[in-house]
Amino acid sequence: MPEGDTIYRAARTLHAALSGQRIERFESVLAQLTQVDANAPIAGRLVERVEARGKHLLMWLSPEPSPVHGGGSLVLRTHMRMHGSWHIYRPAERWQRPRHEMRIVIETAPYVAVAFAVPVAEFIDARTIERAGPVAELGPDVLSDTFDAAAAVARLQTRGDLEIAEALLDQRAIAGIGNVFKSEILFAARVNPFTPVQALDAAALTRIVAIAARQMRANVSDAATGGRTTTNRLDPSARLWVYSRRGLPCRRCGTPIQRAKHGADMRSTYWCERCQPRGT
Ligand SMILES: [Zn+2]
């Protein structure tokens, strides 16, 4: 599943390709989008900017140029969930995913942006997106330039009954972390993933949040050109500390890495019993 770093990179690429461009053609197979297009046409608007908020990708569109309709600014919000992705193509370039997976096409003169298999897509009035709905409810975004670590710690502290591994996935507490980074962050912090948040003091939570910001930022920096890494190693077999390494030796102590599926969605958590014993 794409995590905050993947969405951040996708937004940066889309922004570089599309910002300031006029939309020449809009196409979608999603009724909730085509209905808006019928009432307040998308073609003719400018793409003002594209940004990531947590795991949401937001494309800000200018008001309609035509005074006939007078539609105001809109935001196209998409969420990739498990299999969705945005691609950028030159006009007439062959797509890398099949046509039947197409959900949205935004065509400008230099580039065509195609959303494949996105399960969540909606147009939102730009005036209301910050006031209500999933974007407004997000906790501090770990990849934002204005990330407020203290606020993230405070929000985590309100989820005292949750295991820390679950709390780090709660996008209303801290936004952007997904299942891979969750395990990697807790290994680096030497905290057992099943520790209730209320058993961790403010210093421990502050350290976890700092590691989260450091690991995720490292994966969106200009220097991060290869695949995702938390170990700062580029060798594909050595990029992660624990994620997807069940039974393999811990990179610190050699103990076999454990895996458990838990939480509401039965997501996999990986940890080292020796480096992250229960009660830490
Ligand atoms: Zn270990």
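## Zinc site, pockets and a cavity

Cys250 is buried, with a relative accessible area of 5%. Cys250 is also one of the residues that hold the zinc ion in this predicted model. Here is a quick tour of that site, then of the open and enclosed spaces.

**Zinc site**
- The arrangement is tetrahedral because the four donor atoms subtend angles of 100 to 114° around the zinc ion. For reference, the ideal angle for four tetrahedral donors is 109.5 degrees.
- Cys253 counts as partly exposed, at 26% relative accessibility.

**Largest pocket**
- The volume of the largest pocket is about 470 Å³.
- It is lined by 17 residues, and those closest to its centre are Lys55, His79, Arg81, Leu169 and Gln171.
- Its lining divides into nine charged, five nonpolar and three polar residues.

**Second largest pocket**
- This pocket has a volume of about 250 Å³.
- Of its 13 lining residues, Tyr8, Val50, Glu51, Ala52 and Leu143 are the closest to the centre.
- By class, the lining has five nonpolar, five charged and three polar residues.

**Cavity**
- The whole structure holds one cavity of 30 Å³ or more, and the largest cavity has a volume of about 30 Å³.
- Gly4, Tyr8, Ala52, Gly54, Asp141, Leu143 and Gly176 line the largest cavity.
- Three of these lining residues are nonpolar, three are polar and one is charged.

Methods: Residues numbered from 1 in each chain as written. Predicted model: local features only at pLDDT ≥ 70, side-chain atom pairs only at ≥ 80, totals over all residues. Heavy atoms only, no water. 1 Å grid on protein atoms, 1.4 Å probe; cavity = no way out; pocket = protein on both sides within 12 Å on 5 of 7 lines; lining within 4 Å. Points joined across faces, edges and corners; volume = space filled by probe spheres on them. Nonpolar A, V, L, I, M, F, W, Y, C, P; charged D, E, K, R; others polar. Donors = N, O, S within 2.8 Å, 3.2 Å for Na, K, Ca; no water. Tetrahedral: all angles 85-135°; square planar, octahedral: opposite > 155°, others 65-115°. Buried < 20%, exposed > 50% of the residue type's maximum accessible area, 1.4 Å probe, protein only.
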